[in-house]
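This report describes selected residues, cores and ring arrangements in the structure shown below. Each section takes up one topic.

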Amino acid sequence: MADNQILIRVCLGTSGKAADGEKVISLFRMHIQRHGLDGSVQKRCVVKKVGCRGLCSRDLLVDVIIDGRQTTYQNVTPSMVERIVQEHLLRGNPIDEWAVKEDYAEFTSRQYKIVLGPCGVIDPENIDDYLKMNGYRALKKALTTMTPEEVIKEVKRSKLRGRGGSGFLTGKKWEICRSQPDKTRYIICNVGEVNRALAEGNPHAIIEGLIIGGYAIGASQGYIFIRERYHLSVERLKKAIKQARERGFLGENLFGTSFNFDITFSFGTEAFICGEETALMECIEGKRAMPRLRPPYPAEKGLWGKPTIINNAETLSNIPIIIGKGSEWFSTIGTEHSKGTKVFTLSGKIKNNGLVEVAMGTSLRTIVFGIGGGIEGNRKLKAIQVGGPSGGLIPYSMIDMGLDYENLQKMGSIIGSGGMVVFDETDCIVSVAKFFMEFLQRESCGKCVPCRLGTTRMLELLTKITEGRATMKDIEALERLSAIMSTSSLCGLGRTAPNPVITSLTHFRDEYLAHIRDKHCPAGVCRALITYTIIEDLCKGCGVCLRKCPAKAITGERKKPHVIDQSLCIKCGICFQSCKFKAIIKE
Amino acid sequence: MVGLATVFGSGAMTNSIEEIENNDLIFVIGSNTKENHPIVALRMIKAVRKGAKLIIADPRRVPLVRFAHLWLQQRPGTDVALLNSMMHVIIKEDLVDRDFIINMTEGFEKEFLENIEEYTPEVGEKITGVPRKKIIEAARLYGRAERAGIYYTMGITQHSHGSDNVFSIANLALMTGNLGKENSGVNPLRGQNNVQGSTDMGCLPDNYPGYQKVHLPAVKEKFERLWGVPLSDKPGLTATEMIFEAEAGKLRAMYIMGENPVLSDPEVEHTLKVLKGLDFLVVQDIFMTETAEIADVVLPAASFAEKDGTFTNTERRVQRIRRAVKPPGEAKEDSWIIIELSRRMGYEMNYANMAEVFREIGKAWPAVAGITYSRLEQGGLQWPCPTLDHPGTKYLFKGGFPRGKGRFTVVRYRDPMEMADEQYPFVLTTGRQLFHYHTGSMTRKVNAINRVCSEPYIELNPDDALSLDIKDGQMVKVSSRRGSITLKAYLTEIVERGVVFIPFHFREAAVNKLTDSRALDPLCKIPELKVCAVRIEKV
Amino acid sequence: MKKRMVRCRINDIKVEVPEGTTILEAARAQGIYIPALCYHPKLSVTGACRVCLVEVDGVAVVSCATPVEEGMTIITNSPYVEELRRDIIDLILSDHPYDCMVCQKAGDCELQELAYFYQIRYPRFSGRKRSYKTKDGNPFIEREMEKCIQCGRCVKVCDEIQGVCAIDFAYKGFELKVCPPFEKDLDCEFCGQCVSVCPTGALVGKDWIPKGRQMNIKQVDTVCPYCGCGCNITLHVSRNEIIRVTSKPDTLNEGWLCVKGRFAYQFVSSPERLKKPLIKRNGRFEEVSWDTALDFVAQRFKEIKDKYGPDAIAGLSSARCTNEENYLFQKFLRAAIGTNNIDHCARY
C-alpha cells in the first residue's frame with residue numbers, strides 16, 4: 001500500500017449490502033468531499049468496495065488503512081461514518097471501541113487463504129485490481145508456453161480434487177475428457193451456494209480457471225451455471241466476463257494462439273438436485289433437472305451428448321494458482337491425498353459464523369474453537385455436521401480429526417457443499433437428523449424409488465421418533481432404509497441422503513433410544529416429549545403463568561400453588577420462561 | 001397404381017415398413033402420414049431420431065412437419081411442377097445415378113431432358129409457391145441421399161393428373177437409382193386395410209387376380225380352365241364409369257359389397273340420383289350406410305372380427321385375420337353370401353374353408369403360390385412368394401423390373417381442372433383425419449371417438465377468417481359449382497391462406513357434394529378429390 | 001460393422017455377448033430372469049426403478065444400464081441383491097393402493113407379479129400414500145395416478161415412439177407426478193401407447209372396465225380393420241364381445257397402435273349392425289329370411305342379365321373385405337354373371 005494514501009475498504013458482498021454497505025460507501029464519499037479531505041490531510045483518499053472476507057456476522061466491516069496501518073471496524077452503520085471520518089481520518093485517532101477485537105485476528109490468522117485471499121481486498125468489479133495481483137498471468141502462461149496436455153499434467157501433479165461432490169481428481173477428469181474422440185467439448189462452472197463469496201469477491205479467478213480448463217480439455221464453449229437468485233454473483237460475473245472480453249481474455253485467438261473461448265450463462269432455479277452434475281446438464285439443456293444414468297460419465301458423454309467437464313467455482317479458482325505458482329508449491333499444502341485448501345461455511349451454535357478457508361487436514365478443533373471462537377454461551381459442543389444437508393454428524397469425541405477427503409469419508413460424511421454446522425448440548429440429534437431429512441425429502445427429484453420413497457419414509461420415521469410414537473422396529477426400518485438408499489439410489493443425492501441418520505445412529509444411538517424407550521428428549525427440544533410441571537413448594541401463586549398461558553392449561557387460586565393440566569398444555573414454554581421463582585420445571 | 005404399373009410393370013410399395021427406419025432420407029409427398037398411417041409415421045420418426053433427413057411436401061402443415069428438416073408447402077395440384085424442378089436441379093448438379101440409368105432404365109433421352117430443362121427452380125417457385133431455395137435444397141438432399149424412400153398417398157393420386165404425379169415420382173427415383181435396393185424406393189401407402197388385397201385379387205375391370213389382363217387370350221384361357229366357364233375378354237367399367245353408364249341407362253343393376261360410394265365418391269347428389277335410377281341395387285354391408293338406404297336388397301354381413309381370411313397390407317404382406325366373435329343376428333360372412341348367391345345363379349363354388357379359397361388364388365396367381373394358411377400361422381408373408389420355401393419379398397425389383405427396364409415418362413405440368421377464381425376464391429382439398437376413418441361407418445359408432453371429434457369442420461386460415469369475419473367455431477356455408485354444405489369453421493394455420501380443408505368422414509356435411517365427378521385422370525379415371533374451387537360464407 | 005464380443009459369467013454360466021450389451025439383456029437372452037419395472041426393450045434406459053439390481057464383484061449395480069465388461073462376474077440372485085430388490089418393491093408397495101381385487105390390471109400387472117414373487121403380503125415400510133382427485137377429461141384412457149409407480153415408461157413412449165410429448169413428470173420427490181403441461185393442456189393423439197407400456201393399473205382403457213380381466217378371456221390374433229398399415233392386433237373376447245385390443249411386440253407394428261386400432265372396436269358390437277336380410281317393398285325395408293333374399297337377388301340378376309346382357313350388371317367390392325372374399329366376388333361377377341364390370345374403391 002502506497003504511502004500518502006487513505007484507503008477505505010467497505011465490504012459489499014451480499015451480507016455487506018444487506019448491512020447498508022452501499023449507504024456507508026456513499027456517506028464516506030460525501031464526507032470526504034465535504035471536508036475536502038484530499039487537501040486537508042494531504043493524502044489521497046480512496047474508498048473501495050470489496051468482496052466478502054468471511055466474517056459476515058460482524059458486518060458491516062470497514063477497513064481504514066492510513067499509510068499502511070490498518071484498522072478494521074465491525075458492525076458499522078451509516079450513523080457511525082461521520083465520527084470515523086472526523087476522528088480517524090481527519091485527526092488520525094482510530095476509534096478503539098468500534099474496532100475489531102482479538103477474536104478477529106484469531107478468525108483470520110488460523111486460516112489459509114489462497115482462494116479467498118483476494119476477497120475483501122480487491123474491488124471485484126475492477127479487472128485492474130485483479131490484474132495487479134498477477135491476474136490472467138496463469139492464463140497467458142498456459143496458452144503461450146504450455147500445451148493442453150502439459151496443463152493437464154500440471155493439474156494432475158497438484159493432486160487437486162473436486163471441491164464438492166465425490167472429490168474426483170480434477171486433472172484425471174480433464175484427461176479423460178480430452179481423450180474422447182468427439183472434438184466438440186464443453187466445460188461448465190457450477191456456482192453453488194458456497195461459491196457465492198468467490199463470485200462476489202473475486203470473479204476473475206473463476207473465469208480464468210474456466211478458460212484454462214477449456215484450453216486443457218479442448219473446449220471452446222464454457223458455461224456458468226448459477227441460480228438466477230444470486231443476483232450479486234451474477235452481476236459481478238457478468239461484469240467480469242465483459243471486462244475480460246474487452247481485454248482479450250475471452251473471444252477468438254486468445255494471446256495470438258488458435259484457441260477460441262467464450263462463456264455463456266445458464267440460469268438454474270432453486271433446486272438442490274442441480275448440484276448433481278448430470279441433473280445440472282439436463283437443466284442447461286432445458287429439461288427437467290433429473291439425474292442421468294452413469295455410465296456414460298459426463299466427461300465421456302455430457303452436455304448435448306458431448307464430452308463435458310463440470311467443476312465448481314472453488315475448484316476452478318484453484319487452477320490459476322496451480323498454473324501460476326506451480327503444482328509443487330500447491331501440493332505442499334494439505335495432507336497426503338488431499339492437497340490445497342477448502343472453504344467451509346461455518347454456522348450453527350458458534351460465535352463466529354462465516355466463511356473460512358483452511359488447509360486440508362486442519363483439525364475440527366482449530367476450526368471450531370480457534371477460528372470459530374467456540375460455542376455460543378460456552379455450552380458443550382455436541383456434534384458438527386460437515387458437507388451440507390447430506391453430510392454426516394461428527395461427534396465431539398472426534399474433534400481432533402483433521403479434515404480431508406479420507407477422514408470425512410471414514411466418518412460417513414462428505415466434503416459436499418462445504419457446509420459446517422455446529423450443534424451444542426441444547427440441540428436434539430434426532431430433530432437435527434429430521435431437519436436435514438425434511439430438506440432432502442423436499443429436494444429429492446423423485447426419479448428413483450429408493451430416494452423418492454426412502455426419504456419420505458425416513459422422514460416419517462424420524463417424525464414418529466420425535467413425537468414419541470416410535471418402537472424399536474422403527475430403528476431397524478431406518479437402518480434398512482439407509483442401507484437401501486446408500487447402495488441403490490440413482491445419484492449422489494439419494495446415496496448420501498441417509499448420512500445424517502446413519503452417523504447419528506452410530507454416535508448418538510442413546511438419544512434415539514431415549515426418545516423411543518423413555519419417551520424423553522434429552523435436549524428438551526421435542527415438544528411432544530416435554531412436560532412442564534409446577535413444583536408446589538416453590539410456587540408462590542403469583543398468577544403470571546396463569547395469565548400468560550395461551551392454552552388456559554394452568555389453574556390455581558391466588559397465593560396458592562398452581563397446577564398445569566397436561567391434557568391442555570401445548571408445550572409452548574411461556575410459563576417456564578415467565579416464572580420468576582423457577583417453580584416450573586421442564587423434563 | 002396404374003401409374004406405377006406402367007413404369008415398373010408392377011404397382012405396390014417397393015419396400016417394407018420395417019425398412020423405413022433405415023432410410024437416410026424420407027420424402028413424404030401428399031401424405032398426412034401421422035394421421036392416416038400412424039404406424040408408418042412412427043417408423044419415420046424413428047428414422048429421423050436415428051439421423052435420417054425428412055422432407056415433406058404438402059399444402060397443409062401436417063403433424064409430421066414438426067419432425068421435418070424441410071417442408072415444401074406447394075399449392076394444391078402443383079406436384080408435377082415441384083418434382084420436375086427438383087429433377088432439374090438434380091440433373092444440373094449431376095446428382096443422377098448414371099450407372100443405374102444406363103443399366104436399368106430407358107427413356108432418359110432428349111425429349112425427357114428437354115422437358116425437365118424448362119422447369120428451373122424459378123419456374124417451380126412460380127407455379128408451386130415453394131421458394132426456389134427450398135426446391136434446390138430438397139433436390140440436393142434427395143439427390144445426395146444413399147437410401148432415399150418416397151412415400152405418398154391420395155394427395156398424389158386423387159387429381160385429374162394423378163397418374164402424372166406418380167410418373168414424376170417414379171422419374172425422380174429412377175434418375176437417382178433409388179430403386180431395386182433395400183431401404184430405398186417408391187412407396188404408395190394404402191389407405192384401407194385391404195386395398196392392396198382387393199386389387200391383387202382382381203377387383204379391377206381390366207385385371208384378373210395378380211394383374212393379369214382380361215384382354216389377353218392366354219390369360220382368359222387360363223382362367224376359363226381354372227373356373228370352368230367361358231369368360232369375357234372385354235375390359236369392364238371402372239367405378240367412375242359405372243356411374244356414367246348407369247346414368248346413360250346402359251348399366252341396370254349393381255352389387256355393392258362393403259362400400260359406400262354415395263359418400264366417398266364425388267358429387268354426392270349425382271351419385272345418389274344415378275344409383276336410385278338403377279333397376280336393381282344390392283348392398284351387402286355391416287351397417288345401414290347411405291348407399292344401403294337406397295338399395296332394393298340389403299344383405300347383413302360379418303365384420304372383420306367375425307370371419308377368417310387374409311388381408312394384404314400396404315407393404316404386400318399377406319396376414320391372417322381370425323374369427324373372434326359370432327356375427328350379430330343372422331349376419332353372414334361375405335364369402336358365404338357370395339357362394340350362396342352364385343349357387344342360385346347356377347354357378348357352384350365349392351370350398352370347405354377359406355384356406356381352400358386361398359389355395360385356388362395361389363393357382364391363379366403364382367406370386368402367392370407359396371403362401372398357405374399354415375405358413376401364415378408363423379406371421380405374414382410378403383408377395384411375391386412363389387414357392388413354399390420362399391421367404392417372401394421384402395423389397396421389389398432387386399435385379400430388375402418386371403417390365404424389363406424402368407421407363408422415364410415425359411410429364412408436363414397441367415393446372416388442376418378447377419382453379420380458384422373470383423367467384424370461388426378458395427381451393428378446397430379433402431382428406432381424412434386421425435380419429436375417423438373413411439365414411440365414418442365404423443368410427444362414428446365409437447362413443448369415445450365421438451367425444452373427441454363428433455362433427456364436421458372446415459379448416460380455415462385465421463387471416464382468411466378475419467377477412468371474411470368468421471370466428472372459430474362459427475357455422476359457415478361452403479359452396480362449389482356443384483353444391484353446398486354447412487359446417488363449423490376451425491381456424492388453424494395448418495392451412496395457408498386461400499386453401500381450405502374438409503375431412504370426408506361426415507355424412508351431414510358430405511364434402512363430396514362439392515367435388516367434381518367429371519374431373520378425371522385420363523389414364524386411371526381417378527376423380528380430382530384433392531382440388532376444387534369453393535366459396536365460403538357466414539350463415 | 002461387427003461388434004467385438006465380450007465374455008462374462010452370469011450365475012456361473014459362461015456368456016458371450018456383443019460389446020455394449022447390458023447385463024439385463026445378456027441375462028434375459030440366457031433365460032435368466034431379472035425383474036425390472038422401468039425398463040422396456042423398445043425405450044431408452046433411465047434406471048429409475050432400481051429393481052433390476054444385480055451383484056457385480058460384490059457391488060449392487062443396475063443391470064438395465066450397466067454394459068457387460070470382459071471378465072465380469074455377475075450374480076443375479078444372491079441373497080444380498082434379492083433382499084435389496086425385495087425392499088425396493090416393498091417401498092413401492094408402501095405407496096400403492098391395495099386394491100388388486102378390483103383393479104383392471106390384476107393378473108396382468110408387473111408390480112402385482114413381483115409382490116407375489118417376493119411374497120410381500122404386508123409391506124415392511126408404510127406411511128403416507130398419494131391420493132389424487134381424478135380429473136376425467138379423457139375419453140379413452142382411465143388414469144389412476146395413485147397406482148402410478150413413476151417408472152416413466154409412458155413419458156418415454158410418448159416422446160420417443162409417438163413423438164408427441166403430451167405428458168411429462170411434474171413436481172418432485174414424493175409428489176412426483178406424470179401429467180400434461182400445467183396439468184391441463186392435454187395435447188394427445190390417444191394412441192394408447194402409454195397404456196400398452198404401463199406396468200401397473202395406472203393407465204388402462206376406459207372401455208375395458210369392467211368388461212373382464214384375465215379369467216376366461218379368449219385372445220385372437222388378427223389384423224386391424226382400418227388403414228393399410230396392417231397392424232397386428234389381438235382381440236380379447238369375453239362373452240362374444242370384444243373387450244379390448246392389444247398388440248404383440250414382435251410384429252411389423254412393434255406392438256404400437258393408433259387411436260383407431262386400439263380403441264375404435266366398439267362398432268363390431270354396435271346395436272346398429274344389420275342383423276337380417278332386408279328387401280325393400282313399397283319403399284320400405286322388410287326383414288326376410290336368407291333364402292327369400294338370396295332367391296330374390298339371384299332371380300333379379302338373371303332377369304337383368306337375360307334382358308340387357310351381363311355387362312348391364314356391375315359389382316363394387318370392398319377394400320375392407322378379405323382377399324378370399326374379394327377373390328370370390330370378382331369370380332362371381334366374371335364366372336357367374338359373365339362381366340368384367342368390377343371395381344373397388346382403391347382406385348381412388
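## Contacts around Asp427(A)

Contact here means heavy atoms within 4.5 Å. The model is a predicted one. Leaving aside neighbours within four places in sequence, Asp427(A) is in contact with Lys349(A), Lys382(A), Val432(A), Glu511(A), Ala523(A) and Val525(A).

Asp427(A) is placed in the loop of chain A between strand E13 (419-424) and helix H18 (429-443). With 13% relative accessibility, Asp427(A) counts as buried, because buried means under 20% relative accessible area. Its side chain is joined to that of Lys349(A) by a polar contact of 2.9 Å.

Arg53(A) belongs to the loop between strand E2 (44-50) and strand E3 (62-66) of chain A. Its relative accessible area is 8%, and Arg53(A) is buried. The side chain of Arg53(A) makes a polar contact of 2.9 Å with the side chain of Asp63(A). Not counting residues up to four places away in sequence, Arg53(A) touches a set of residues including Arg9(A), Asp63(A), Tyr104(A), Phe107(A), Cys119(A), Gly120(A) and Leu355(A). Between Arg53(A) and Leu116(A) there are 63 residues of sequence separation, and their C-alpha atoms are 7.4 Å apart.

Val343(A) is found in strand E9 (residues 341-348) of chain A. Val343(A) is buried, with a relative accessible area of 2%. Once residues up to four places away in sequence are set aside, Val343(A) touches Leu116(A), Glu314(A), Leu355(A), Val356(A), Glu357(A) and Gly418(A). The C-alpha atoms of Val343(A) and Gly120(A) are 15 Å apart, and the two residues are 223 residues apart in sequence.

## Nonpolar cores

The largest nonpolar core has 194 residues. The residues with the most contacts inside this core are Ile188(A), Leu478(A), Val501(A), Tyr512(A), Leu64(B), Phe140(C) and Leu235(C). Apart from this core lies another, of 104 residues, among them Met257(B), Phe301(C), Ile304(C) and Phe329(C).

Within chain A, Ile188(A) touches residues that include Leu210(A), Tyr223(A), Phe225(A), Leu280(A), Met281(A), Ile284(A) and Leu303(A), not counting residues up to four places away in sequence. Thr308(A), Ile309(A), Ile310(A) and Asn311(A) are also among the residues touched by Ile188(A).

## Chain pairs and Gln266(C)

Two pairs of chains are in contact, and chains B and C share the most contacts. No contact joins chain A and chain B; their closest C-alpha atoms lie 14 Å apart.

Gln266(C) has contacts in chain B: leaving aside its neighbours within four places in sequence, Gln266(C) is in contact with Lys445(B), Val446(B) and Asn447(B), as well as with Asp207(C). A polar atom of the Gln266(C) side chain lies 3.0 Å from the backbone nitrogen of Asn447(B). Gln266(C) is located in the loop between helix H6 (259-263) and strand E13 (278-281) of chain C, and counts as buried at 18% relative accessibility.

## Aromatic rings and charges

Over all chains, a search of the whole structure finds 38 aromatic pairs. One of them is the stacked pair of Phe259(A) and Phe261(A), at 5.8 Å centre to centre and 25° between the planes. Phe259(A) counts as buried at 11% relative accessibility, and Phe261(A) counts as buried at 1%. The pair of Tyr457(B) and Tyr490(B) is edge-to-face, because the ring planes stand at 85° with the centres 5.8 Å apart. Tyr457(B) lies in strand E17 (residues 457-460) and Tyr490(B) in strand E19 (residues 484-491) of chain B, so this pair ties together parts that are 33 residues apart in sequence. Tyr457(B) counts as buried at 15% relative accessibility, whereas Tyr490(B) counts as partly exposed at 37%.

Ring pairs also link Tyr255(B), Phe280(B), Phe296(C), Phe301(C), Phe329(C) and Phe332(C) into a cluster. Lys325(A) lies over the face of Trp329(A), at 4.3 Å from the ring centre. In chain C, the charged end of Arg244(C) sits over the ring of Trp208(C), 5.5 Å from its centre.

## Cysteines

A search of the whole structure finds zero disulfides over all chains. Cys109(C) is in no disulfide, and the nearest cysteine sulfur, that of Cys103(C), is 6.2 Å away. Cys109(C) is buried, with a relative accessible area of 9%.

For Cys148(C), the closest cysteine sulfur is that of Cys154(C), which at 6.1 Å is too far for a bond. Cys148(C) is buried, with a relative accessible area of 9%.

Terms used: Residues are numbered from 1 along each chain as its sequence is written. Chains are lettered from A and ligands numbered from 1 in the order in which they are written. This is a predicted model: local features need pLDDT of at least 70, side-chain atom pairs count only at pLDDT 80 or more; totals for chains, interfaces and linings use all residues. Side-chain values use heavy atoms; hydrogens and water are left out. A nonpolar core is a set of buried Ala, Val, Leu, Ile, Met, Phe, Trp, Tyr and Cys residues joined through side-chain atoms within 4.5 Å. Buried means under 20% relative accessible area, exposed over 50%, partly exposed in between (1.4 Å probe, protein chains only). Helices (H or I, at least four residues) and strands (E, at least two) are DSSP runs, numbered from the N terminus. A polar contact is a pair of N or O atoms within 3.5 Å; within protein, one must be able to donate a hydrogen and the other to accept it, and residues adjacent in sequence count only if both atoms are side-chain atoms. A disulfide is a pair of cysteine sulfur atoms within 2.5 Å. Rings of Phe, Tyr and Trp (its six-membered ring) pair if their centres lie within 6.5 Å; planes under 30 degrees apart count as stacked, over 60 as edge-to-face and the rest as tilted. A charge sits over a ring if NZ of Lys or CZ of Arg is within 6 Å of the ring centre and within 35 degrees of the ring normal.
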